[in-house]
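Here is a walk through one structure in questions and answers, setting values beside the cut-offs that give them their labels. Have the viewer open as you read.

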Amino acid sequence: FLIFTDLDGTLLDHDNYSFEAAAGTLQKLKAAGHFVIPNTSKTFAELSSFKQSAQLNTPFIFENGSAVAIPKDFFPWQPPETVEKENMWIKSFSPERSHWLSLIQQHGQHFYGMFKGFSQMSTEEVVSLTGLSHDAAHQAMQRQYGEPLHWNGDEYAKREFLHTMQAAGAKVLTGGRFTHICGDSDKGKAMLWLAQMFSRECEEQEFKTIALGDSQNDSAMLEAADIAVQIKSHSHPFPKIKKQQHLYQSTLYGPAGWSECLEKIVFNQE
Ligand code: 2M8
Ligand code: MG
Ligand code: MG
């Protein structure tokens, strides 16, 4: 299997960012030769640290499908349309962050005071909104593609703002805590591109994709995967999915639900 997984609220606990409850299953999956591929809102910098702590040497998808990073020695060829960064091949699907920042500035004035973007926050503010450590918050702020906004106006104004941004050419994705203004990329498109790279390398092997996520920004990959898993959250309902034949819903929260469903799907265990 190619297992595409969201991190926050899915493989990582929504509040303390630990994957302890899933560590045993993660270990088993790696040992059995499955590929666990993070597909997350997090940044390249955050993912580099996460990969070390989870001991993953797989590719990963970052900033909500804006880009894919593949270790240089992972495939014996350079994937198409990639550039090199820190010993990885990077494939981008989105314009750079500066484009979205100026769009927000241009079209967001009418909503002044109702939201604050990461670019306007201090590290301490990100720490207090997320519960990340100071270093982790610093890494979360090193964004290359999109801009996460913290909304503090009412819901009606928020909808109006989202329409305005969409009309101006942005895509709006909602994570567990923030609203992301980004390009016309999503976790589903990036996942399908990367799955294609695996098939190109191993033509004789048929890979099945499993996607796991807890929030609306996961919907596109849940719809595009062969098997989808909605992970239960304390803070919001399951992400909506329009089409999916093979759908699982966890009864446990976050990483415990991750283990619960993958044990069932991959190892046929209740
Ligand atoms: C943001 O991502 C979450 C994911 O659901 C969100 O949108 O609420 C990103 O800024 C990410 O980089 C950061 O690590 C995370 C912390 O909760 O928040
Ligand atoms: Mg999530
Ligand atoms: Mg996420």
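**Rings, sheets and buried residues**

The structure holds 19 aromatic pairs, where a pair means rings of Phe, Tyr and Trp (its six-membered ring) with centres within 6.5 Å. This is a predicted model, in which local features need pLDDT of at least 70, side-chain atom pairs count only at pLDDT 80 or more, and totals for chains, interfaces and linings use all residues. Residues are numbered from 1 along each chain as its sequence is written, chains are lettered from A and ligands numbered from 1 in the order in which they are written, and side-chain values use heavy atoms, with hydrogens and water left out.

Q: Why is the pair of Phe 75 and Phe 198 called edge-to-face?
A: Planes under 30 degrees apart count as stacked, over 60 as edge-to-face and the rest as tilted. The ring centres of Phe 75 and Phe 198 are 5.4 Å apart and the planes stand at 85°, so this pair is edge-to-face.

Q: What makes this a link between distant parts of the chain?
A: Phe 75 sits in the loop between strand E4 (67–71) and strand E5 (83–85), while Phe 198 belongs to helix H7 (residues 187–201), 123 residues apart. Helices (H or I, at least four residues) and strands (E, at least two) are DSSP runs, numbered from the N terminus. Phe 75 and Phe 198 are both buried, a label for under 20% relative accessible area, with exposed over 50% and partly exposed in between (1.4 Å probe, protein chains only).

Q: Why is the pair of Phe 115 and Phe 161 called tilted?
A: With centres 4.9 Å apart and planes at 35°, the rings of Phe 115 and Phe 161 fall into the remaining class, so the pair is tilted. Phe 115 in strand E7 (residues 115–117) and Phe 161 in helix H6 (residues 155–167) are 46 residues apart, and both are buried.

Q: Which residues form one aromatic cluster?
A: Phe 35, Phe 74, Phe 75, Trp 77, Phe 198 and Phe 207 do.

Q: What makes Arg 200 a charge over the face of Trp 77?
A: The rule asks for NZ of Lys or CZ of Arg within 6 Å of the ring centre and within 35 degrees of the ring normal. Arg 200 lies over the face of Trp 77 at 5.3 Å from the ring centre. Lys 91 is likewise over the face of Phe 93, at 5.1 Å from the ring centre.

Q: How do you know that E11 pairs with strand E12 (residues 227–232)?
A: Two strands pair if DSSP finds at least two bridges between them, and 4 bridges join E11 to E12, running parallel. Within E12, Ile 227 is the bridge partner of Ile 210, and Val 229 is that of Leu 212. Strand E1 (residues 2–5) is also joined to E11 by 4 bridges in parallel, with Ala 211 as the partner of Phe 4.

Q: Why is strand E11 (residues 209–213) described as largely enclosed?
A: 5 of the 5 residues of E11 are buried, so the rest of the structure largely encloses this strand. Thr 209, Ala 211 and Gly 213 cover one side, and Ile 210 and Leu 212 the other; all are buried. In a regular strand the side chains alternate between the two faces of the sheet.

Q: Why does Glu 63 count as buried?
A: The relative accessible area of Glu 63 is 3%, so the residue is buried by the under 20% rule. Glu 63 is placed in the loop between strand E3 (60–62) and E4, and has a positive phi of about 45° although not a glycine.

Q: What makes Asn 64 buried?
A: Asn 64 has 2% relative accessibility, so it counts as buried. Asn 64 also lies in the loop between E3 and E4, with a positive phi of about 60° although not a glycine. Most residues other than glycine have a negative phi.
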